[in-house]
Amino acid sequence: TALRFGRRELTPHQLTKLQKVSLKAVQNPAFDIEAFIRERLAYKFALTMERCFLTGTAQQQPLGLFTADPQGIPTSRDMSTGNSTTAMTYVGLVNAKYTLKQQYRSNAVWLFHRDGVAQLMKMLDGDSRPLWQPSVVAGQPDRFLNLPVYESEWVPNTFTTGLYVGMVFDPRFYWIADSSALQVQRLDELYAVNSQVGFIGRMWSDGMPVLPEAFVRVKLA
């Protein structure tokens with residue numbers, strides 16, 4: 001009878017990384033060290049944010065997909081029925097997919113660690129044919145149960161009883177709030193006594209699942 005609002009506020013938190021470079025490298029005219037440092041900082045920031053979006057605790061960082069939390073994805077959205085205590089099964093993944101309502105399945109994707117993807121690729125039907133569906137379009141993800149499969153090194157990959165090993169979800173309902181793009185500041189004087197120049201990168205970001213029913217975590221029995 002009334003609108004509901006969550007109790008967690010999306011508040012971008014500061015993430016900072018520092019790289020120190022020798023003065024000799026900075027003064028080398030044959031190499032654009034600043035462009036290289038920006039590229040490496042961007043890569044390191046991307047890794048950190050990916051990890052937080054998947055496993056963050058919401059304590060001065062995003063609330064992750066694989067963090068059970070009543071303000072994000074509660075344990076009621078975990079599906080283990082059909083899986084064994086050591087591996088995912090075809091039946092268990094069918095159960096996970098169809099725990100999602102139709103309006104979310106039309107945009108849903110799978111998310112696994114590469115070890116989980118390897119399990120999917122080994123699953124066979126009754127005639128020993130792979131259930132895996134390789135992409136026939138360059139740049140498009142492979143599919144399983146007719147949904148795209150994505151992978152991340154930060155998805156849990158310990159295949160033992162009661163642990164998370166993957167997810168099927170509608171990405172539209174994980175919201176990310178960035179208050180600014182990556183900024184890089186050059187520090188010429190601070191490390192001069194060591195003949196170094198510092199480059200400090202900063203960004204502010206937060207993220208969280210905003211609709212629990214758009215997510216199903218795959219769990220072992």
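Predicted model: local features only at pLDDT ≥ 70, side-chain atom pairs only at ≥ 80, totals over all residues.

Author: The buried residues of helix 5 pack against helix 3, strand 3, strand 4 (132–133), strand 5 and strand 6. Helix 5 covers residues 114–122, and Gly116, Val117, Gln119 and Leu120 are buried in it. Around the axis these residues cover an arc of only 155 degrees, which means that they are on the same side of helix 5.

Helix 3 runs over residues 90–97, and its buried residues are Gly92, Leu93, Ala96 and Lys97. Seen down the axis of helix 3, these buried residues fall within an arc of 135 degrees, so they line one face of the helix.

Strand 3 and strand 6 (residues 147–151) run parallel and are joined by three bridges, with Tyr150 in strand 6 as the bridge partner of Leu111. Strand 5 and strand 6, by contrast, run antiparallel and are joined by two bridges, where Arg143 has Pro148 of strand 6 as its bridge partner. The hairpin formed by strand 5 and strand 6 has two residues between the strands, and in this hairpin Leu145 takes a positive phi near 50 degrees.

Under the ring-pair rule, whose limit is 6.5 Å between centres, the count comes to seven aromatic pairs. One of them is formed by Phe53 and Tyr174, an edge-to-face pair with 5.7 Å from centre to centre and 65 degrees between the planes. This pair links distant parts of the chain, since Phe53 is in helix 2 (residues 33–55) and Tyr174 is in strand 8 (residues 174–187), 121 residues apart. Both Phe53 and Tyr174 are buried. Trp110 and Phe144 are both buried, and ring pairs link Trp110, Phe112 and Phe144 into a cluster.

The pair of Phe53 and Tyr174 leads on to another part of the model. Phe53 has a relative accessible area of 16%, and it therefore counts as buried, the cut-off being under 20%. Leaving aside residues up to four places away in sequence, Phe53 touches Pro62, Leu63, Gly64, Leu65, Tyr174, Ile176, Ser205, Asp206 and Gly207. Phe53 and Trp175 are 122 residues apart in sequence, yet their C-alpha atoms are 9.8 Å apart in space. Arg51, for its part, lies over the face of Trp154, at 5.8 Å from the ring centre.

Strand 8, which holds Tyr174, belongs to an open sheet of three strands with the order 1-9-8 and antiparallel pairing. Strand 1 (13–22) and strand 8 stand at the edges with a single partner strand each, so one side of each is left without a neighbour in the sheet. Direction ignored, neighbouring strands of this sheet are turned by 15 degrees against each other on average. Strand 1 and strand 9 (residues 196–209) run antiparallel and are joined by ten bridges, and Lys17 stands opposite Gly201 in strand 9. Helix 2 packs on the sheet, where it touches strand 1, strand 8 and strand 9, and its direction makes about 30 degrees with that of strand 9. Arg40 is also found in helix 2, and at 36% relative accessibility this residue counts as partly exposed. Arg40 and Gln19 are 21 residues apart in sequence and 9.4 Å apart in space, C-alpha to C-alpha.

Key: Residues numbered from 1 in each chain as written. Heavy atoms only, no water. Phe/Tyr/Trp six-rings, centres within 6.5 Å; stacked < 30°, edge-to-face > 60°. Helix = DSSP H or I, 4+ residues; strand = E, 2+ residues; numbered from the N terminus. Buried < 20%, exposed > 50% of the residue type's maximum accessible area, 1.4 Å probe, protein only. Lys NZ or Arg CZ within 6 Å of the ring centre and 35° of its normal. Pairing = 2+ DSSP bridges. Axes fitted to C-alpha atoms, helices over the stretch in contact; angles between N-to-C directions. Contact = heavy atoms within 4.5 Å. Arc of directions from axis to C-beta.
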